[in-house]
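Let me put the model up on the screen, and then we can walk through it together.

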Amino acid sequence: MISIGLTGWSDHDLLTIRTSKRLEDYSSHFPFVELDTSFYAIPPAKNILYWIEKTPAAFQFVPKAFQAMTLHKDWLKFFPTEQQMFEHYIATFEPMITANRIKAFLFQFPPYFDCTKEHVQHLRKVRLFMKELPVAIEFRHSSWFSDANKENTLTFLTEENFIHTVVDQPQTPGNSVPLVSKGTHPKLTLFRLHGRNYEGWLDASGPDWRKKRTLYNYTSDELDEFANIVHQLENDSKEVAVIFNNNSGGHAAKNAKELQKKLETSALSFASKNRLQKYLNLTKG
């Protein structure tokens, strides 16, 4: 199974018919959305209930972990203990969890979260606090996928029941990982597409650095490349969820629609080849 979604629902004018109903309009096009706001602050309970109410029963969310949960900020600034922080976060999303509206919780770690014993222990702590909930891990430090560590990283993610977030991003020094097309969870793999704006990814200065980073329009050839990777990832997981994060120029929705068409075409082509092969096998007999 292949699903496609975007980061947020507010920045996609291509999908918006009514500015006051952006979420409803978005959910008529895609089956899930990445919830980015939960990274900056754990949302109030009323927001969770509102988002559930305004979307179809089968629609799902991929909430990002709160920034102190991924060590972007010191948790002591927000909660008395780490455990209380995680408990509060989970309790906030309990209505979505109960209603099967969570595809996965996305833990995106910072570029300084490198492959060390200390950080491995933090990942174990994440699994302990999150219990059996679906947790996707995205790294930003290349040491996790160095020649020496790559296989151990994938094995560790598998053993801890973590979902590997495969990423496409510019290969800048110090804040990126290579595209490793391997799933680690039988149910789900995330494939997160950040664009290939090298200069924007390299320069994290100024008030608009996030907009510069995600300003990119994928070419048709690049989308063909992703379609092949998605089919490869289907061998590892029951579902491959593709998330377009190249939002700032309005390209994410357009690229997602283009990839949908390519995947439908490739799936039809694959099915036709299978039918032809079955026919040839029968005629041989």
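Before anything else, a word on labels: helices (H or I, at least four residues) and strands (E, at least two) are DSSP runs, numbered from the N terminus. Residues are numbered from 1 along each chain as its sequence is written. Please keep in mind that this is a predicted model, where local features need pLDDT of at least 70, side-chain atom pairs count only at pLDDT 80 or more, and totals for chains, interfaces and linings use all residues, while side-chain values use heavy atoms, with hydrogens and water left out.

So, the overall picture. The chain has 11 helices and eight strands. Its radius of gyration is 20 Å, close to the 19 Å that the globule rule gives for 285 residues, so the chain is as compact as a globular protein of that length. For that comparison, the radius is taken over C-alpha atoms, and the rule is 2.2 Å times the number of residues to the power 0.38. Along its principal axes, the C-alpha trace spans about 70 × 50 × 40 Å.

How much of the chain is buried? Of the 285 residues, 49% count as buried; that means under 20% relative accessible area, with exposed being over 50% and partly exposed in between (1.4 Å probe, protein chains only). As for contacts, meaning heavy atoms within 4.5 Å, residues 24 or more positions apart account for 75% of those with a separation of 6 or more.

His119 lies in helix H6, residues 117–130, and is buried, with a relative accessible area of 10%. Leaving aside residues up to four places away in sequence, His119 touches Leu71, Tyr112, Phe113, Asp114 and Trp144. The side chain of His119 also reaches the backbone oxygen of Asp114 at 2.8 Å.

The other one is His185, in the loop between strand E6 (163–168) and strand E7 (188–193). At 11% relative accessibility, His185 counts as buried. Which side chain does the side chain of His185 make a polar contact with? That partner is Asn161, at 3.2 Å. A polar contact here is a pair of N or O atoms within 3.5 Å; within protein, one must be able to donate a hydrogen and the other to accept it, and residues adjacent in sequence count only if both atoms are side-chain atoms. Beyond four places in sequence, the residues that His185 touches include Phe162, Ile163, Asp236 and Ser237.

Next, Phe139, in the loop between strand E5 (135–138) and helix H7 (150–159). Phe139 is buried, with a relative accessible area of 2%. Among the residues it touches, again not counting those up to four places away in sequence, are Phe113, Trp144, Leu157 and Val177.

Leu71 has a positive phi of about 70° although it is not a glycine. This leucine sits in the loop between strand E3 (60–63) and helix H4 (82–92) and counts as partly exposed at 27% relative accessibility. Leu71 and His119 are 48 residues apart along the chain, with their C-alpha atoms separated by 9.8 Å. Lys131 is not a glycine either, and its phi is positive at about 55°. Lys131 is found in the loop between H6 and E5, and at 59% relative accessibility it counts as exposed.
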